[in-house]
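Please look through the model below before reading on. My comments follow as numbered points.

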Amino acid sequence: MAEKKIKLAIGLGSTCAGCDIAILDLKEKVLDLVALADIVFWPTAMDFKLSDLEKFKEKEIDISLYHGTGRTSEHEHIAHLLRERSKVMIAFGACACFGGIPGLCNITDREGIFKSSYQETPSTRNPDFVTPKTETRVNNHTLTLPELRNDGKALHQIVDVDYYLPGCPPAVELIERLLPIIKEFIETGNLPPKGTVIASDKTLCDECPLEKKDKMISKIYRPHEIIPDPTKCLLEQGILCMGPATRGGCGARCINVLMPCRGCMGPTSEVRDQGAKMISAIASVLGVEKEKERSDEDVEKLLDQIRDPLGTFYRFGLPVALVNGRVKEAEGK
Ligand code: SF4
Ligand code: SF4
Ligand code: SF4
């Protein structure tokens, strides 16, 4: 057991708690983590309250992990508190790194979300359009609920972030990389350069075990429509795989079970916009670059095969994408 231990806090925004489970997936290595760190705040796993976090002085916590998207005033409050009370702040998981799946809310606004959640779903009967209020009376007490923000935000869009550990959820092998970083910090006070992404800086295609032959395709298949050859690149078999636009480091865990990459590790440091990079990769695999040899109608037919382009190209990163905001502008919101 290390003689000195750090104080570790794990806070959250809008989260599915998969990131918490991923930490527990360290299995026996959780013991290595608790040998290095006293967990001083982790409300998903233990009975911590916000007041437990508030009692810490400025920079008294050594390292904070934050997972989930910033969707409400409370998520922002927790992010600010953790930032203020911690020396080091790590965005943990795709939601905190890029806005994640809850960040897809940015195609609409608060009113749109309330409408689709409380009025327009086929199973909802709510003629008076009753929606949650920010203040409610429970047992003679007034309870103020957090206010839902119009936009979902990645952590760095709320507070300053030191490191990023992407993935939905982060792969256990990447979480394990935190252990020597914490140990080094305890022993020497040294940390990696600010902004380091704890993952590979190559694309997933660079690490993918499947064979690539620069083959062109003329049809796009959804995963349930085809049984792929287990040795060949999925994209070259017509299955949309985000590998060319996605950072490696996850161990190609989806590819290993013949499911296409959905892009949860975000882009590499050389790519500004993951979706734009993927659109260009698809253009070459569809042969759209040879547009002159195809009629406009053919090109349109090829591109029409891509179902849900926004959800495909920006599933995990709409809040940090160049198109964020432009979507609402285009819809007049
Ligand atoms: S990154 Fe994935 S696993 Fe983690 S909170 Fe977001 S949706 Fe859940
Ligand atoms: S596109 Fe997908 S399947 Fe093809 S090499 Fe890249 S990661 Fe592998
Ligand atoms: S293969 Fe893609 S979607 Fe699957 S874990 Fe890796 S980066 Fe995420």
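**Notes on the model**

1. Contact here means that the C-beta atoms of two residues, placed from the backbone, lie within 7 Å.

2. A word on the basis. This is a predicted model, in which local features need pLDDT of at least 70 and side-chain atom pairs count only at pLDDT 80 or more, while totals for chains, interfaces and linings use all residues. Residues are numbered from 1 along each chain as its sequence is written, and chains are lettered from A and ligands numbered from 1 in the order in which they are written.

3. Next, the core. The largest nonpolar core has 72 residues. Ala9, Tyr66, Ile90, Ala91, Phe92, Ala96 and Leu155 have the most contacts inside it. The core draws at least three residues from each of domain 1 (6-101 + 151-188) and domain 3 (204-330). A nonpolar core is a set of buried Ala, Val, Leu, Ile, Met, Phe, Trp, Tyr and Cys residues joined through C-beta atoms within 7 Å. Buried means 20 or more other C-beta atoms within 10 Å of the residue's own, exposed means 12 or fewer, and partly exposed is in between; the C-beta atoms are placed from the backbone.

4. Strand β1 covers residues 6-12. Five of its seven residues are buried, so the strand is mostly covered. Strand β1 runs parallel to β2 (residues 37-41), and four bridges join the two. Ile6 has Ala37 as its bridge partner in β2. With β3 (residues 61-67), β1 pairs in the parallel sense over five bridges. There, Leu8 is partnered by Ile63. Two strands pair if DSSP finds at least two bridges between them. Helices (H or I, at least four residues) and strands (E, at least two) are DSSP runs, numbered from the N terminus.

5. Domains. The protein chain is divided into domain 1 (6-101 + 151-188), domain 2 (108-148) and domain 3 (204-330). These bounds come from an automatic or database domain assignment. The centres of domain 2 and domain 3, taken over C-alpha atoms, are separated by 37 Å.

6. Ligand 1 has 13 residues around it, and Cys16, Gly18, Gly93, Cys95 and Cys168 come nearest. Helices α1 (18-24) and α5 (94-98) are the elements that give two or more residues to this shell. A residue is near a molecule or strand if its C-beta atom, placed from the backbone, lies within 6 Å of it. The shell divides into seven nonpolar, six polar and no charged residues. In this count Ala, Val, Leu, Ile, Met, Phe, Trp, Tyr, Cys and Pro are nonpolar, Asp, Glu, Lys and Arg are charged, and the others, Gly among them, are polar.

7. Ligand 2 is also surrounded by 13 residues, the closest being Cys205, Cys208, Cys233, Cys241 and Gly243. Its shell holds 11 nonpolar residues, one polar and one charged.

8. Around ligand 3 there are 13 residues, with Cys250, Cys254, Cys261, Cys264 and Met265 nearest. Eight are nonpolar, three polar and two charged.

9. Check the backbone at Cys168. The peptide bond from Cys168 to Pro169 is cis, with omega near -10°. Pro169 lies in the loop between β9 (163-165) and α7 (172-176).

10. Two residues deserve a look for phi. Ala17, in the loop between β1 and α1, has phi near 70°, a positive value in a residue other than glycine. Ala17 is partly exposed because 13 other C-beta atoms lie within 10 Å. Phe129 is not a glycine either, yet its phi is positive at about 50°. Phe129 sits in the loop between α6 (110-120) and β6 (135-138). Phe129 counts as exposed because it has 10 C-beta neighbours inside 10 Å.

11. How far apart in space are His156 and Cys208? They are 30 Å apart, C-alpha to C-alpha, and 52 residues apart in sequence. His156 lies in the loop between β8 (148-153) and β9. Not counting residues up to four places away in sequence, His156 touches Ala91 and Val161. His156 has 18 C-beta neighbours inside 10 Å, so it counts as partly exposed.
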